[in-house]
Amino acid sequence: MKPKHQRLLLAVIAVAALVGAGLIAASALREEASYFYTPTTLVAANVEPGKAIRLGGMVQKGSIVRGGDGVSITFTVRDQRRSQKVAYRGITPDLFGEGSGVVADGRLGPDRVFVADSLLAKHDENYVPRELADIDMSAAAKTKDTLVP
Amino acid sequence: MIAEAGLAAIWLAASMALLQFIAGLTLLRDGAGQLVPLIKPAAYMQGALCTFAFFALMWLFYISDLSVLLVANNSHIDKPLIFKLAGTWGNHEGSMLLWVTILSVSGAAIAFLEKRIEVKTLSATLAVQGFLALGFFAFLLFSSNPFERMVPAPIEGAGLNPLLQDVGLAFHPPTLYFGYVGLSIAFSFAVGALLTNQVGPAFARAMRPWVLGAWIFLTIGIAAGSYWAYYELGWGGWWFWDPVENASLMPWLAATALLHSVSVLATRNALRAWTIMLALVAFAMSMAGTFLVRSGILTSVHAFAVDPERGSFILALMLMYTGLAFVIFALRIGTVKQGEPFQLLSREGGIVANNIFLSVILAVILIGTLYPIAAEALGDKISVGPPYFNKATVPIAVLLMLALLVGPLLRWRRDDLGRLKYWLIGAAAILLLSCLAIWKFAPQIGIFPLLGIALSLALAVAAWMPLRGRKLLRTPIPVFGMVIAHFGLAVSVFGMAAESGFSSETLTALAPGESAKVAGWEVKLNDVNPVVGDNWVAVEGEMIAAKNGNEFPLHPQSRQFFKPPMQTSEAALLTRWNGQLYVVIAQPDQEGDGRWQVRLWWKPFVTFIWGGAILIALGGAIALLGRMVRRTKNSAINKWQTE
């Protein structure tokens with residue numbers, strides 16, 4: 001192989017590899033990137049069950065029900081307008097509780113209950129999950145039906 | 001007073017960096033350069049001044065001088081001493097000061113030690129370094145002053161994020177910074193060599209120890225960070241594809257590629273433009289890493305500063321430096337002559353394959369990390385998590401491992417696979433037999449853990465093959481370094497594959513006296529007691545893990561910190577040679593039925609992950625030391641001959 005062609009060949013290989021990387025990334029992103037929804041946008045978007053998504057909102061007061069095994073819970077997440085039931089099995093994060101903000105990773109089950117693989121709770125004033133930063137939680141907390149009966 | 005002296009030292013150091021840069025510019029202009037003799041002293045002064053400023057800040061943390069804003073915000077009078085000191089860099093401003101201090105001290109070290117390359121190239125390299133440092137000094141002085149005063153001084157200080165109050169913190173960030181900054185030196189060398197037309201083996205030999213050193217530190221830093229996340233977060237995972245983890249992995253991938261290609265340039269005088277390009281990319285990645293972590297664009301325990309001004313400052317620096325560097329590359333690359341030719345089937349070809357696979361992995365990680373940020377700018381909230389990264393990177397890593405079975409055995413310039421046919425058959429046999437054996441005993445295992453185990457077994461043999469037929473005493477020491485590093489990769493991949501393929505987990509709630517089982521272990525909760533620490537209180541489980549008649553006590557804790565208020569889990573780990581038992585206890589649930597949530601994992605061979613990483617770093621260290629020894633020996637021989 002002539003030296004001149006060698007550099008060209010290497011450059012072509014490098015470019016081809018980068019294009020390949022872009023294609024791999026694009027195809028994996030199409031399948032695996034998970035979108036963030038609130039209960040309201042979740043209904044509007046008509047997400048199919050089984051697709052990985054994130055759900056964020058406020059844990060509705062009085063909605064946490066702990067299962068008999070001591071490790072599974074269900075609760076309702078809501079925003080200003082709608083609510084969504086969530087089931088989770090695992091150790092809940094610190095400061096997870098009624099009235100706290102939460103972001104859940106998971107997917108909708110066939111029965112439209114959101115099955116969470118992991119929960120991220122709002123820790124304190126200094127730390128808000130990114131997705132919740134610009135959602136006004138105070139409104140959800142104040143609506144009448146979120147009060148404990 | 002000390003704070004003001006520290007601040008003055010930073011200003012003076014910045015002026016030294018400016019002097020270094022301007023003196024370097026005169027070199028380009030008239031060829032001779034009147035100011036060039038000033039470059040080295042300026043580099044020494046800059047190093048000394050920065051070191052002074054850094055120790056001044058450490059002193060302020062040591063005496064808890066709460067009239068300094070940074071100390072007040074990040075320290076607390078009740079904090080244990082080690083965390084007071086580590087607090088120096090456990091925050092945005094302090095960590096940036098550490099960054100420039102390492103940068104300046106390395107510059108001084110180059111000025112003092114480097115004698116192999118031409119004075120002109122060395123001066124240009126130091127000038128580029130001065131230019132880099134200048135940007136970070138500006139950043140420090142104009143938007144992140146670590147010595148800012150607070151009037152009036154508070155009484156006790158705000159405290160440090162409890163997750164960061166850990167011995168891991170004392171070492172993790174500085175190690176990563178050494179790595180990042182080492183890559184900036186490779187960058188300066190590359191630009192310096194481009195500007196002075198010295199891209200060749202001599203330049204590669206001068207750059208190599210810095211790349212190797214940076215890579216060793218990055219390897220240790222990433223492994224330490226991974227282990228820290230594993231035992232401190234209490235989630236049982238060792239890699240989360242968190243953007244901040246990616247920010248450290250990307251420079252490592254680039255450095256690994258660079259490390260291999262710079263060896264080709266140093267020994268074979270090939271891959272010239274390629275190596276320069278990788279040096280630029282490696283530094284761009286460490287800048288991108290700094291940007292991702294420091295800009296507050298991500299939420300994470302690492303993101304200290306949520307301040308858009310700082311984010312845009314770092315972004316501007318990053319775009320300026322890498323942009324300029326790529327412009328210089330485009331303008332000057334025509335002057336870099338084509339290196340020595342080689343056949344595709346050769347050691348050089350193998351290293352090109354290594355570089356290509358590493359670059360592709362790097363690119364898909366970069367895209368996955370930046371995509372959510374780009375999407376958010378367009379109004380979509382997207383998260384890209386482990387499913388994406390595993391799917392996109394693992395298949396390429398499999399190809400990389402396959403190439404590694406053969407690459408190091410090839411000869412330079414050209415080779416013939418026929419020469420290696422027995423090894424090729426042997427490697428294929430190991431792969432096939434181990435796949436079949438694993439599949440027979442564990443048919444439920446996923447394809448990637450299966451391939452990972454098979455490939456790591458084959459690589460564990462392949463790694464040692466370069467020593468075959470050599471006289472061990474006459475083998476160059478760096479070859480042993482390579483062998484150990486490649487073997488370490490096999491060990492690490494084996495741990496990853498075994499952990500992801502065969503972990504078992506039990507999640508349950510136990511009342512005192514009850515027990516739970518995981519993977520043949522029976523774990524009994526005897527009691528739960530309150531415990532008090534320096535600045536926290538905790539509930540501590542008193543547990544006994546039993547298997548085959550052997551009993552081991554375990555004490556997982558759930559800690560409550562007060563400054564700032566926060567809970568953390570201290571997992572109890574029981575290490576056996578073939579894995580770890582990982583036990584987490586949670587605060588009682590609000591219902592208060594007397595049961596405690598307990599999570600048990602058996603993680604087979606999980607410690608191999610970090611053990612392998614230590615071997616990889618050790619291999620690097622052996623290669624580095626071996627080269628240094630040889631260099632001093634050679635220079636002694638030269639001296640003797642000239643006398």
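Let me begin with confidence, since the model is predicted. Chain A has a mean pLDDT of 76, and 77% of its residues reach 70 or more. Which element of chain A has the highest mean pLDDT, and which the lowest? The highest belongs to strand E5, residues 83-89, at 91. At the other end is helix H3, residues 137-142, with a mean of 38. Please keep two stretches of chain A in mind as you look at the picture. In residues 123-128 of chain A the pLDDT is below 50, and the model gives this stretch seven contacts beyond near neighbours in sequence. Residues 136-149 of chain A also stay under 50, and here the model has 20 contacts beyond four places in sequence.

Now to the place where the chains meet. On one side we have 35 residues of chain A, and they are in contact with 37 residues of chain B. Which elements of chain A supply at least two residues each to that side? They are helix H1, residues 3-32, and strand E1, residues 34-37. H1(A) gives the most, with 15 residues. What kinds of residue does chain A bring to chain B? By class, there are 18 nonpolar, six polar and eleven charged residues on the side of chain A that touches chain B.

E1(A) pairs with strand E1 of chain B, residues 382-383, in the antiparallel sense over two bridges. If you want to find the spot, look for A:Ser34, which stands opposite B:Ser383.

First, helix H2, residues 39-62, and helix H6, residues 119-143: their axes come within 10 Å and cross at roughly 40 degrees. H2(B) and H6(B) are therefore oblique to each other. Their crossing is left-handed. Who meets whom here? From H2(B) come B:Ile39, B:Ala43 and B:Gln46, and from H6(B) come B:Ser123, B:Leu126, B:Ala127 and B:Ala133. That contact has five nonpolar residues, two polar ones and no charged ones.

The second pair is helix H13, residues 386-406, with helix H15, residues 447-462, again in chain B. These axes also come within 10 Å, and they cross at roughly 20 degrees. That angle makes H13(B) roughly parallel to H15(B). The crossing of H13(B) and H15(B) is left-handed. On the H13(B) side, the residues are B:Val394, B:Val398, B:Met401, B:Leu404 and B:Leu405. On the H15(B) side, they meet B:Phe448, B:Leu451, B:Leu455, B:Ala458, B:Leu459 and B:Ala462. Sorted by class, the contact has eleven nonpolar residues, no polar and no charged.

My last stop is a sheet in chain B. It is an open sheet of four strands, in the order E2-E11-E10-E9, with antiparallel pairing. Which strands sit at the edges? Strand E2, residues 504-510, and strand E9, residues 572-576, each pair on one side only. From one strand to the next, the twist averages 15 degrees. E9(B) is joined to strand E10 of chain B, residues 579-585, by five bridges in the antiparallel sense. Within that pairing, B:Leu574 has B:Leu581 in E10(B) as its bridge partner.

Terms used
Residues numbered from 1 in each chain as written. Chains lettered and ligands numbered in written order. Predicted model: local features only at pLDDT ≥ 70, side-chain atom pairs only at ≥ 80, totals over all residues. Axes fitted to C-alpha atoms, helices over the stretch in contact; angles between N-to-C directions. Parallel < 35°, antiparallel > 145°, perpendicular 65-115°, else oblique. Left-handed = near helix turned anticlockwise from the far one by under 90°. Nonpolar A, V, L, I, M, F, W, Y, C, P; charged D, E, K, R; others polar. pLDDT = per-residue confidence, 0-100. Pairing = 2+ DSSP bridges.
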